[in-house]
Amino acid sequence: MSMISGMAHDYVSAAGRHFRDAGVLRDQERWDNMGYLSGYVAECGVKAVIEMAGIAFRRHLPQISRDHLLLAADLSLAARRYPIDLDPDLKAIQSDWSTDLRYSKTGTLSKPDALRLCGLAEGV
């Protein structure tokens, strides 16, 4: 049996791990992978808020809307304990990021593009 097959999701932990790893990649000027991980920071951050509301949610970043985040934050007492940006720029992240970045040619993301994605993800 695979170790990960029955593993519970921990979106808060995953978002933090991906964000720290993106920082390591930034320090090494590895812009493509930094930008790629930034999308997962955003996805995990939004899913963490939704999960706090007790909503089973398995959509991925391209299918997540601001309305999902607002509803979850409104329903969740736990989410109200933390400062949450209820208007993150999800559309900007969704338009500039894709899981297909993992297959892109090295150098596809410029330094400014990767830093922008990371900044947007941090805002989530």
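Predicted model: local features only at pLDDT ≥ 70, side-chain atom pairs only at ≥ 80, totals over all residues.
Residues are numbered from 1 along each chain as its sequence is written, and side-chain values use heavy atoms, with hydrogens and water left out.

**View 1. The protein chain as a whole.** The secondary structure comes to six helices and zero strands, where helices (H or I, at least four residues) and strands (E, at least two) are DSSP runs numbered from the N terminus. Of the 124 residues of the protein chain, 38% count as buried, a term that stands for under 20% relative accessible area, with exposed meaning over 50% and partly exposed lying in between (1.4 Å probe, protein chains only).

**View 2. The aromatic pair Y36 and Y40.** Rings of Phe, Tyr and Trp (its six-membered ring) pair if their centres lie within 6.5 Å, and their planes count as stacked when under 30 degrees apart, as edge-to-face when over 60 and as tilted otherwise. The ring centres of Y36 and Y40 are 5.2 Å apart and the ring planes stand at 80°, so this pair is edge-to-face. Both residues belong to helix α2 (residues 31–52), where they are four residues apart, about one turn of the helix. Y36 counts as buried, with a relative accessibility of 15%.

**View 3. The packing of α1 against α2.** Helix α1 (residues 11–27) packs with α2 at an angle of about 160°, the two axes being 8 Å apart; axes are lines fitted to C-alpha atoms, for helices over the stretch in contact, and angles run from 0 to 180 degrees between N-to-C directions. The two helices are therefore roughly antiparallel to each other, since angles over 145 degrees count as such, those under 35 as roughly parallel, 65 to 115 as roughly perpendicular and the rest as oblique.

**View 4. The salt bridge between R26 and D27.** A search of the whole structure finds one salt bridge, defined as a side-chain nitrogen of Lys or Arg within 4 Å of a carboxyl oxygen of Asp or Glu. R26 forms this bridge with D27, and their closest N and O atoms are 3.2 Å apart. R26 is partly exposed at 37% relative accessibility, whereas D27 is exposed, with a relative accessible area of 58%.
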